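Dear colleague,

Here is the structure I promised to pass on, with my notes below it. Please read them with the coordinates open beside you.

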Amino acid sequence: MNASGSHSAGWKSVVLRYETLLFVVLVAEWFFFYHYGTTTNRRGTVVGFGTLDRQFDILRHSCEIGLLALALTPVILTAGIDLSVGSLLGLCAILFGKLWHDGGLSIPAAAALTLVAGALGGGLNATLITRLRLPPLIVTLGTYSLFRGLAEAITHGAVTYTDFPAGFLFFGQERWLGLPTQAWLFALVAAAIWLLVHRTTWGRAFRTIGFSPEGARYAGLPVERRVAQVYVLAGLIAALAALIYTARLGQAKADAGTGYELFAITAVVLGGTSIFGGRGSVTGTLLGVAAIAVLKNGLACLPVVIRLNAAEEMSGLLTGALLLLALTGSVLPKLWSSFRSRHRRT
Amino acid sequence: MAAASPTPSPLLSLRRAAKSYGGVRALRGVDFDLRAGEVHALLGENGAGKSTLIKIITGAHRPDAGEITVAGRTLDGLTPALAQQLGIACIYQSPALFPDLTVAENIGLRLEPAGAMRRVDWGARHRRAAQLLQQVGASIAPAAEVRTLSMPEQQLVEIACAIGAGARIVVMDEPTASLTQREQERLFTVVRELRAAGVGVIYISHRLEEIFALADRVTVLRDGQSVGTHGLNEVTEAGLIKLMVGREVAQIYPPAESAPGEPVLTLRGVGCAASGVHGVSFEVRAGEIFGVAGLVGAGRTELARILFGLTPADAGEITLNRERLAPRSPPEAVARGIAYVPEDRRRHGVVLEMPIAQNMTMAVHRRLFPGGWLRGAAEQGLARDFIRDLAIKTAGPDAPGGSLSGGNQQKVSLARWLATQPRLLILDEPTQGVDVGAKSEIHRIIRQLAKDGLAVIMISSDLPEVLGMSDRIGVMRGGTLTAVLPGGSPAAAVMAAALGQNERPDPA
């Protein structure tokens with residue numbers, strides 16, 4: 001009846017506050033690693049976290065997971081999930097290598113076909129989810145194995161495509177206008193997804209579907225079409241990530257992008273997007289990606305971690321801790337207010 | 001103690017009960033008595049404090065002040081467990097049973113003592129369930145899964161649980177909201193039997209005619225205060241409405257003043273095998289309110305779903321403004337100018353988490369946001385206009401839909417569809433669970449829309465509403481339209497058609 005007058009403050013301001021908090025954490029994290037992770041070696045040159053090269057490295061490494069996280073943000077806003085993006089990245093990398101190396105296509109033609117293949121892979125997810133009304137988690141768990149399996153079948157698990165021309169490697173290994181080339185591509189995609197999610201009726205529809213798919217249907221929104229579109233878009237971006245991955249490493253192999261989907265989901269959720277759909281922002285996702293990338297790379301620069309040779313373990317541990325902390329952090333105000341109201345009355 | 005009181009001491013009494021929720025005073029010192037063997041109606045607009053009062057009685061909330069006396073024990077608050085122990089049971093609008101368990105298992109869960117390693121005596125459990133169900137006059141098999149039962153059958157199971165638990169005080173919160181006339185009658189019989197057995201029944205309903213038919217006394221709440229307890233032989237319907245709203249409501253239904261124009265919608269033998277609708281033919285004219293009456297399950301909502309493209313028709317022909325209409329999906333129906341305000345506004349009518357403004361523009365994305373780019377100013381403007389025109393009580397366009405009361409949510413749902421400037425407006429139970437004040441406002445809005453030339457289909461289980469609002473009344477039964485009666489037909493004629501009685505109502 002006269003229920004919650006308290007949450008009328010609006011969820012928008014809460015998201016904003018959460019993003020601000022995450023930004024503060026990110027800056028603190030960065031300065032921590034800058035302070036403890038930067039050293040001078042015997043020859044007197046500065047090494048570790050504080051060097052420009054290392055910062056560019058972080059940027060390069062975060063582009064592919066960042067792209068997947070951007071692809072997953074609309075998906076998760078619709079209360080869906082796509083576990084197959086990492087596998088699709090691997091499949092697309094192999095397809096690209098094969099089309100160019102064995103198929104004799106030019107790089108641009110192979111790249112264009114790879115993007116089409118990515119969209120088709122996403123389309124497969126979309127068809128299964130919207131036509132057969134299967135749950136996204138199960139569908140993409142299936143295609144997660146399927147895409148990786150296909151990639152391994154094509155290469156028999158052994159072939160690795162290398163010797164890509166310098167013009168292509170430029171996108172993954174060089175700088176353009178002072179920044180790693182792929183950072184520009186990433187920024188472009190990020191801006192596009194931001195506009196899509198926050199400034200268009202498509203983004204509005206994604207949220208509506210996430211909050212209440214039935215409510216969206218009864219409002220006359222094209223629910224199936226919008227849901228299909230987020231998965232196709234995710235496939236397309238996974239293909240782009242595959243191209244950048246291949247250009248960065250200079251090789252295409254079947255295990256490319258293994259486990260990336262989990263990092264990407266972590267980044268999205270850390271960025272404040274609700275796994276139940278509806279709530280979230282692209283800015284949050286970008287901050288989430290940055291927080292994880294800085295953590296991972298920063299740890300590898302800490303002398304104590306280097307001495308213990310435990311960078312992988314530590315980054316896994318701390319990413320998990322950060323995620324759980326973020327999730328508890330978002331419910332703490334609610335817990336606190338209910339605790340207070342329970343004790344005020346006595 | 002109260003032992004010296006001259007009249008028989010009540011089963012339950014509340015003295016100066018007060019409760020606030022974060023600064024909002026929901027109850028401000030309410031006195032309430034329930035005697036053994038009476039049906040005591042609780043009446044008030046949404047927000048008057050009925051739910052809060054019930055929550056205090058069932059132990060869900062503790063009052064901030066005041067005291068409760070139950071069965072001779074005076075307490076300053078109850079807990080759910082204590083309330084149950086003292087013989088207080090509550091039957092909610094939508095029963096809280098486990099759908100995947102059988103009736104006997106559900107009853108067993110409530111009534112049998114819990115304990116680890118306790119063996120279930122299935123024979124006794126089923127016998128007991130059968131006996132309790134018989135007591136409430138329900139022909140339900142104890143082995144039936146609850147999911148296969150209708151809403152009223154589930155309510156009867158709840159009542160059976162209450163009887164089995166030996167409840168002395170039964171609270172019924174809008175028990176008839178989703179019942180048909182006949183199911184309602186059966187429920188009333190059960191309630192009367194409870195009363196005869198000395199149980200005190202607290203009965204909440206928005207439907208005054210029910211209260212007059214069933215209750216012995218009525219307590220009216222307004223703004224968290226009791227404005228009086230009366231015997232039902234002492235008050236009139238108009239008097240109660242006045243007490244509830246604190247003012248005279250001159251006419252409950254605004255008069256029809258429109259002269260229907262050209263036919264807007266025509267149905268010829270329309271059917272849909274999947275939803276059990278068949279052979280529906282009728283037409284709706286511009287400026288006309290076409291009421292659709294019938295029992296729950298007669299196919300009224302299913303008909304609306306066909307017109308809105310949710311379950312496409314597979315037989316017959318529909319024309320809208322003389323052009324063929326066969327929507328395969330809601331977007332197609334919306335594009336053709338069909339608007340549907342659904343029955344379940346919390347699930348379908350309003351997205352509770354989203355701001356009012358976004359809820360209102362949801363069906364007009366194409367028109368309001370050319371190229372797909374959101375325009376905040378246009379959205380806010382539209383929302384502010386509707387908030388003003390429909391007198392929606394809200395903190396503003398950015399307040400989430402869930403923060404509004406039922407009547408105001410319904411207005412938001414209505415605004416969303418009025419924004420589409422539809423040719424045909426379908427309203428499904430437009431005032432269900434809406435308080436009296438908002439109800440008459442919604443009626444006035446609907447009448448005004450018809451006057452402005454809109455064709456309106458109004459589905460309603462509220463018989464006085466259908467009779468009072470409709471220019472013509474279509475009656476559905478068993479998936480098809482069985483009769484079209486003129487507006488102002490006697491209630492008995494509509495009920496007879498809905499029940500399938502061919503004989504004319506008594507000429508007297």
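The charged end of A:K296 sits over the ring of A:F263, 4.3 Å from its centre, where sitting over a ring requires NZ of Lys or CZ of Arg to be within 6 Å of the ring centre and within 35 degrees of the ring normal. In chain B, the ring of B:W122 has the charged end of B:R125 over it, 4.9 Å from its centre.

Please bear in mind that this is a predicted model, in which local features need pLDDT of at least 70 and side-chain atom pairs count only at pLDDT 80 or more, while totals for chains, interfaces and linings use all residues. Residues are numbered from 1 along each chain as its sequence is written, chains are lettered from A and ligands numbered from 1 in the order in which they are written, and side-chain values use heavy atoms, leaving out hydrogens and water.

Over all chains there are 17 aromatic pairs; rings of Phe, Tyr and Trp (its six-membered ring) pair if their centres lie within 6.5 Å, and planes under 30 degrees apart count as stacked, over 60 as edge-to-face and the rest as tilted. A:F96 and A:F164 make a stacked pair, 5.7 Å centre to centre with 15 degrees between the planes. Because A:F96 lies in helix α3 of chain A and A:F164 in the loop between α5 and α6 of chain A, the pair ties together parts that are 68 residues apart in sequence; helices (H or I, at least four residues) and strands (E, at least two) are DSSP runs, numbered from the N terminus. Both A:F96 and A:F164 are buried, meaning under 20% relative accessible area, with exposed over 50% and partly exposed in between (1.4 Å probe, protein chains only).

The rings of A:Y218 and B:Y340 have centres 6.1 Å apart and planes at 35 degrees, so this pair is tilted. A:Y218 belongs to helix α9 of chain A and B:Y340 to strand β16 of chain B, so the pair joins two chains. A:Y218 is buried at a relative accessible area of 4%, and B:Y340 is buried at 1%. Elsewhere, ring pairs link A:W30, A:F31, A:F32, A:F33, A:Y34, A:Y36 and A:F49 into a cluster.

Finally, chain B has an open sheet of six strands in the order β6-β7-β8-β3-β9-β10, with mixed pairing, where two strands pair if DSSP finds at least two bridges between them. Its edge strands are β6 (88-91) and β10 (225-231) of chain B. Strands β9 and β10 of chain B run antiparallel and are joined by five bridges, one of which has B:H230 as the partner of B:V218.
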